[in-house]
Structures are given as structure tokens and as C-alpha cells.
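Q: Could you take me through how helix packing is read from a model?

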Amino acid sequence: MRLALRELRRRPGRFAVAGGALAFLTVLLLFLGGLLDGLYLGSTGLLRSQEAELLTYSDDARLSLLRSRVDPEVRAEVEAVDGVDTVNGFGVALVAATVPGEDELADVSVVGYEGGAEGVPAPPTEDFVGYADRRLEAFGVQEGDRLGVGPEGLEVEVVGWVEDTSFLLQGGLWVNPATWREVLGSSRPDAVLPEGTFQALAVGVESGADPEAVAAAVDQATGSTETVTREEAVLALPGVREQSSTLSAIINTTFLVVGIVVALFFALVTLERSALYAVLKAIGASSRQLLAGVVVQAVVVAGVALAVGGLLTYLLSLAVPPGVPVQFEGERAAQVVVGVLVASVLGSAVSLRRVIKVDPADAIS
């Protein structure tokens, strides 16, 4: 093992090609992971923030929040179902907003809500004030700004911040239901909703009740709704399931490439070292010790590549425009680190057979 580390110190250039390839693959993995997280988190924050276990839509909406309509009479039927604990209406309007001092319009999802959203304060008592998602900071939004929302430029004052509440990659602006209806009506006159009508209901179930059984009971009682779990509603959003599966497949394939790169590199290195390994075995080194040296070198090379790749990713992220949905999460970075190290160890282990087959007699032939 000491010989392996000494070779790394004295001949680092020998490992530069493999290290450079692994650093490039690390950047690719981190960016793919950041894109996957950015697309998922930026599209689903509104639904994931709901504290209720169930979401109720009109049955003709096909789980589309923008097409759904739930009127007060249906809501009353939902509230009367056994097992239902809380019911909060909510809806969203996707609009553009002008930001004071900025030339670029901000993409905003104006959310009207009655409560029950994790990390979001109670709805403002005043009209035309709201809590902005931190995502909007990239567009220059600051607390105290008056945003010109929608085609009519309705002014909504930002009075605080919330996090991870975006919808379909548009930063959330959480307002009371009256303000939301004004914004929705100004941007989509064909979608004006009367007071008490929402696009969907967040339905909390009583302790000990089965959410799926309550969902079935709600739909049976109303005859005009489709009630699903929060997780099902998230996956029903346009593109979420397809994006996640596609990018996850690419990421897993990239991990496989990492293992192949390491395997090919150390297979060649082992072939070059055959005579050296024969000498080491002749003086008492075991196959296990030799293989341990190979694995240590693979881990060190991968560790350096991860550090370089991480630094390059950070520098590149500074140049990413706010419109690109890349979001770097610590959990994803940890998965990349562990994945690259494991793939490197497995790749280096491919040379196990060649190391074991080295004959000490070759050292004197």
C-alpha cells in the first residue's frame, strides 16, 4: 500500500488521464443531478408543500390544477365525509410579473390559499400583498418590492419569503384567495372563479384513518371529483415522471461509464506492472496486498477527481442563467461522491484476476 501511495506522489502524470476523465464525468453527474433536482423541485413545490395527505380535483380535469374547478357545494360534501379532518382550498395563476428596476419579466405562479401549506405563513389579511418564493430572487425581486403581476400589472407587495414552493418552474407568490381571483381573472378572463370556488382542495385525514379509503369515500360522496394522494398528484404533473426516469437513467449510465473508465485504466496499468508484481510476489508480497494497492490508488484518483470536478461545477454554476432550472442539493452531491467512489473501487477490482495470476517465477525468467 505504501508503494502504491509513493507511486502516486512520484508519478502523478501517469494517473492524469484517468483523473481528468473522472473529473469530467463528475461535472457531468453533478450537472445532470442538479438539472434533475431543479426540474423536479421547481415544478412540484406547490403540491409538495401541502400538509394534507390528499388533493381533490374535479373529475374532468385529469389531475390538472389549471383545469380543475371545485365549487362550495362540492366542498361541503367533501367536508361531511367520515375521516376528513381539514379542508383547505387553493389555486394558482401562471403569469409574468414586472420587477422594479429590472428589464426582464419574472415568471410567477400566484397561489391563492386558505392555509395548510408547510413553511408558508397564514394567508395575508390584506389584499395585494404576498409571500414570494426565494426562486424569484434570481429575477431581482426583493422584500418590499411591488410586482406588476399579470397583463394588467396588478401591484402585489412582497412582504416576506418562503422556500421550495414553485410550480411548473415558476416562483411562487402566495396571496389570499381574493387577490388570486383578481389576478386569475385579469390574466384569463375565461377562467374567472366566483368566491368560494377553488381549483383544488387539500384534504387532511383524521388520525388513524386510511388515506386511500378516505379518498375513495370522498369521490363516491361527491360523484364529481378525483381524489389522490399528494405523491400521486406530484407525479401527475406534466413531464415530472418522464423527466425523472430519463435523467435517472442517464445518471446511472454515467456511473457505469465511471466504472468502465477505471477498469480499463487499471487493466492497462496492471499489464504494464506484471514484471514488477512478479518481483514483489517473489520477495513475499501477497496478491491481497497488491490488489489493496490498486484499490487505494483508484480511491485516491477518484477523490482528487471529485474535488476537481466539484470545483469546476461550482465555477460553472456561477455562469448558469436564472432561467436554467439547475439546483444543486447536498444529498445529490453525496450520492455522486459515493457513486463515483464505489464505481472506482469496483472498476479497479477488475484487475484482480490478472494480479492473482502473476507468477513469482516470472521475476527470474
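A: Two packed helices are described by the angle between their axes and the distance between the axes. In this predicted model, helix H3 (residues 72-79) and helix H5 (residues 211-222) have axes that come within 9 Å and cross at roughly 135 degrees. H3 is therefore oblique to H5.

Q: What is the handedness of the crossing of H3 and H5?
A: H3 and H5 cross in the right-handed sense.

Q: Which residues of H3 and H5 make the contact?
A: From H3 come Val-74, Glu-77 and Val-78, and from H5 come Val-218, Ala-221 and Thr-222. Sorted by class, the contact of H3 with H5 has 4 nonpolar, 1 polar and 1 charged residues.

Q: At what angle do H2 and helix H10 pack, and how far apart are their axes?
A: The angle between H2 and H10 (residues 330-348) is about 145 degrees, and their axes lie 10 Å apart. The crossing of H2 with H10 is right-handed.

Q: Which residues of H2 and H10 meet?
A: On the H2 side they are Leu-22, Thr-26, Leu-29, Leu-30, Gly-33, Leu-36 and Asp-37; on the H10 side they are Arg-332, Ala-333, Val-336, Val-340 and Ser-344. By class, this contact of H2 with H10 has 7 nonpolar, 3 polar and 2 charged residues.

Q: What span does H2 reach from its first C-alpha to its last?
A: H2 (residues 16-48) has 33 residues and reaches 44 Å, close to the 48 Å expected at 1.5 Å a residue.

Q: Where is the kink in H2 centred?
A: The kink is centred on Gly-42 and amounts to about 35 degrees.

Notes: Residues are numbered from 1 along each chain as its sequence is written. This is a predicted model: local features need pLDDT of at least 70, side-chain atom pairs count only at pLDDT 80 or more; totals for chains, interfaces and linings use all residues. Side-chain values use heavy atoms; hydrogens and water are left out. Helices (H or I, at least four residues) and strands (E, at least two) are DSSP runs, numbered from the N terminus. The expected span of a helix is 1.5 Å times one less than its number of residues. The bend at a residue is the angle between axes fitted to the seven residues ending there and the seven starting there. Axes are lines fitted to C-alpha atoms, for helices over the stretch in contact, and angles run from 0 to 180 degrees between N-to-C directions. Angles under 35 degrees count as roughly parallel, over 145 as roughly antiparallel, 65 to 115 as roughly perpendicular and the rest as oblique. A crossing is left-handed if the near helix is turned anticlockwise from the far one by less than a right angle, and right-handed if clockwise. Contact means heavy atoms within 4.5 Å. Ala, Val, Leu, Ile, Met, Phe, Trp, Tyr, Cys and Pro count as nonpolar, Asp, Glu, Lys and Arg as charged, and the others, Gly among them, as polar.
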